Amino acid sequence: MTNTSENGQPFEAEFPAEGRLLGLDYGTKRVGIAISTFEQNIASPLDNYNRQSLPQDQKHLLSIITEYRCKGLVVGLPVHMSGDEGQKAKEARQFGNWVSQFAEIPVRYWDERYSSATAEEILVNLNMSRNKRKAYLDKLAAQIILQSFLDSPNRNQIPESF
């Protein structure tokens, strides 16, 4: 779980090697949600959640985490092409830390560059209408982020905050 040290900085608990993981593609209006298998080898898109209020967001996410017995959280980190973090990355970290704290599960942040563009390209190639693409885009981006994490030989690589 993510806790806060005496100086107010979050620190990471041990990240589980088995058990389902929840993948999030953070957005201020919508959050794409994906889930992994227990073995942590396959990610599947789960939900596009339209954000409402912090209490409603917490209730929705906690119900998913509880239902699927998630043991960890992977949040896409929107970094610039240079690798630097901007305001959106800071917001994604705050959101991930918040979810980690109320759900009492550890969090990892994963570079999400190209995830939305890749998701959009997949959906366009399926000849989906613009409205249908919008309905699938965020959860597919969350799946791409989570699958990238699952496929990585170095899952403990944590992007540094700049």
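## Salt bridges

D57 forms a salt bridge with R51, and their closest N and O atoms are 3.0 Å apart; a salt bridge is a side-chain nitrogen of Lys or Arg within 4 Å of a carboxyl oxygen of Asp or Glu. The model is predicted, so local features need pLDDT of at least 70 and side-chain atom pairs count only at pLDDT 80 or more, while totals for chains, interfaces and linings use all residues. Residues are numbered from 1 along each chain as its sequence is written, and side-chain values use heavy atoms, with hydrogens and water left out. D57 is buried at 3% relative accessibility, whereas R51 is partly exposed at 21%. Buried means under 20% relative accessible area, exposed over 50%, and partly exposed in between, with a 1.4 Å probe and protein chains only.

The count comes to 3 salt bridges. In another, the side chains of R30 and D138 meet at 2.4 Å, N to O. This pair links distant parts of the chain, with R30 in strand β4 and D138 in helix α4 (residues 130-151), 108 residues apart. Helices (H or I, at least four residues) and strands (E, at least two) are DSSP runs, numbered from the N terminus. R30 is partly exposed, with a relative accessible area of 27%, and D138 is buried at 12%.

E91 and K88 also form a salt bridge, at 3.7 Å from N to O. Both are in helix α2, and because they are 3 residues apart, about one helical turn separates them. E91 is buried at 18%; K88 is partly exposed at 44%.

## Packing of α1 and α2

Helices α1 and α2 (residues 87-103) pack at an angle of about 60°, with their axes 10 Å apart. Axes are lines fitted to C-alpha atoms, for helices over the stretch in contact, and angles run from 0 to 180 degrees between N-to-C directions. The two helices are therefore oblique to each other: angles under 35 degrees count as roughly parallel, over 145 as roughly antiparallel, 65 to 115 as roughly perpendicular, and the rest as oblique.

Residues of α1 that meet α2 include D57, L61 and I65; among their partners in α2 are F95, W98 and F102. Contact means heavy atoms within 4.5 Å.

## Positive phi in two loops

Most residues other than glycine have a negative phi. Q40, not a glycine, has a positive phi of about 60°. Q40 lies in the loop between β4 (30-36) and β5 (43-50) and is buried at 2% relative accessibility.

R69 also has a positive phi, near 55°. Its place is in the loop between α1 (54-67) and β6 (72-77), and R69 is exposed, with a relative accessible area of 65%.
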